[in-house]
Amino acid sequence: MKKTSRRRTPLFEVRHSPIHGYGVFAARRIRKGTTVIEYLGDRVSHVKADARYEDKDPNDNHTFLFTVDSRTVIDAGVNGNDARYINHACDPNCESTTLNKRIFIEAIRTIQPGEELSYDYQIQRDSDDAPNVDEIYACRCGAAKCRGSMLEAPKRARKKPHRAPRRAAGKAPGAGKKAAAHEHTSRRSRAANRRSGAAGRSQRRGR
Ligand SMILES: C[S@@+](CC[C@H](N)C(=O)[O-])C[C@H]1O[C@@H](n2cnc3c(N)ncnc32)[C@H](O)[C@@H]1O
Ligand SMILES: [Zn+2]
């Protein structure tokens with residue numbers, strides 16, 4: 001007997017979002033731990049990414065750039081997929097992870113149909129940021145825990161000098177694990193930020 005193929009509903013759909021522009025919404029239940037989508041786009045150097053968005057208005061916070069590392073930025077504005085429509089949230093249901101220099105968006109809890117997918121962009125701060133950088137990157141996620149900004153939380157000054165705890169020889173904690181979510185998306189690359197303020201920052205993954 002011929003096997004009938006049962007097409008499953010797609011995992012998500014792209015539509016207008018109450019947070020910003022388009023967003024990505026679960027079309028069915030997505031279990032915690034599911035890799036939802038890879039963040040795809042043109043893989044370019046920071047220099048090239050900077051050049052592409054050099055003329056961007058410094059007060060325009062919109063970006064499809066994602067910093068992979070010190071060499072590579074993914075520009076989802078060119079050959080990007082639906083991952084570029086996933087909005088930032090301060091209490092997100094997904095996180096970005098890196099595997100072999102590729103970026104994946106993974107559910108960090110079970111997501112119900114209709115819920116908007118989100119991850120924390122943790123956009124990198126720079127020492128020469130404009131005083132109103134948090135306004136420019138204001139967050140509209142609406143979470144009770146919203147920190148008000150798509151930028152990473154400002155680093156708090158340490159009260160006491162930090163002493164590393166003694167540790168038995170061996171693997172560092174977390175070694176071999178996928179990168180944590182907060183290393184994800186970015187503005188334009190740092191060099192560009194230095195030149196032209198906030199424009200073009202990318203979501204980040206540690207550089
Ligand atoms: C990767 S795009 C996400 C898709 C975007 N909504 C769109 O329609 O193009 C990232 C941009 O969306 C906007 N955005 C995403 N999350 C946001 C949030 N929580 N608050 C305000 N703007 C947000 C910002 O302009 C950000 O640079
Ligand atoms: Zn928020």
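Strands are DSSP runs of E covering at least two residues, helices are runs of H or I covering at least four, and both are numbered from the N terminus; two strands pair if DSSP finds at least two bridges between them. The model shown is predicted, so that local features need pLDDT of at least 70 and side-chain atom pairs count only at pLDDT 80 or more, whereas totals for chains, interfaces and linings use all residues. Residues are numbered from 1 along each chain as its sequence is written, and chains are lettered from A and ligands numbered from 1 in the order in which they are written.

**View 1. The β1–β2 hairpin.** Strands β1 and β2 run antiparallel and are joined by five bridges, one of which pairs R15 with G23 of β2. Five residues lie between the two strands of this hairpin, and in the turn G21 has a positive phi of about 40°.

**View 2. L11, in the segment before β1.** L11 is found in the segment that precedes β1 (12–16). Beyond residues up to four places away in sequence, L11 touches A27, R28, I30 and V36, contact being counted when C-beta atoms lie within 7 Å. The C-alpha atoms of L11 and R29 are 7.7 Å apart, although 18 residues separate the two in sequence.

**View 3. The shell around ligand 1.** Around ligand 1 there are 19 residues, of which H20, G21, Y22, N87 and H88 come nearest (a residue is near a molecule if its C-beta atom lies within 6 Å of it). The elements that contribute two or more residues to this shell are β2 (22–26) and β7 (87–88). By class, eight of the shell residues are nonpolar, nine are polar and two are charged.

**View 4. The open sheet β3-β9-β8.** Three strands make up this open sheet, in the order β3-β9-β8, with antiparallel pairing. Because β3 and β8 stand at the edges, each with a single partner strand, one side of each is left without a neighbour in the sheet. From one strand to the next the twist averages 30°. Within the sheet, β8 (residues 94–99) and β9 (residues 102–107) pair over six bridges in the antiparallel sense, and C94 stands opposite A107 of β9. Two residues lie between the strands of the β8–β9 hairpin, where N100 takes a positive phi near 50°.

**View 5. The largest nonpolar core.** This core has 26 residues, among which V36, Y39, F66, I74, I86, I105 and L117 touch the most other members; a nonpolar core is a set of buried Ala, Val, Leu, Ile, Met, Phe, Trp, Tyr and Cys residues joined through C-beta atoms within 7 Å. Two or more of its residues come from each of β2, β3 (35–38), β5 (65–67), β6 (73–75) and β9, and the largest share, three residues, is given by β9. Apart from this core lies another, of 10 residues, including A89, Y121, V133 and C139. With neighbours within four places in sequence left aside, Y39 is in contact with F66, I74, A76, A83, S96, I103 and I105.

**View 6. The chain as a setting for the close-ups.** The chain contains three helices and 12 strands, and 38% of its 207 residues count as buried. Of the contacts in the chain with a separation of 6 or more, 70% are between residues 24 or more positions apart.

Terms used
Buried ≥ 20, exposed ≤ 12 C-beta atoms within 10 Å, placed from the backbone. Contact = placed C-beta atoms within 7 Å. Nonpolar A, V, L, I, M, F, W, Y, C, P; charged D, E, K, R; others polar. Axes fitted to C-alpha atoms, helices over the stretch in contact; angles between N-to-C directions.
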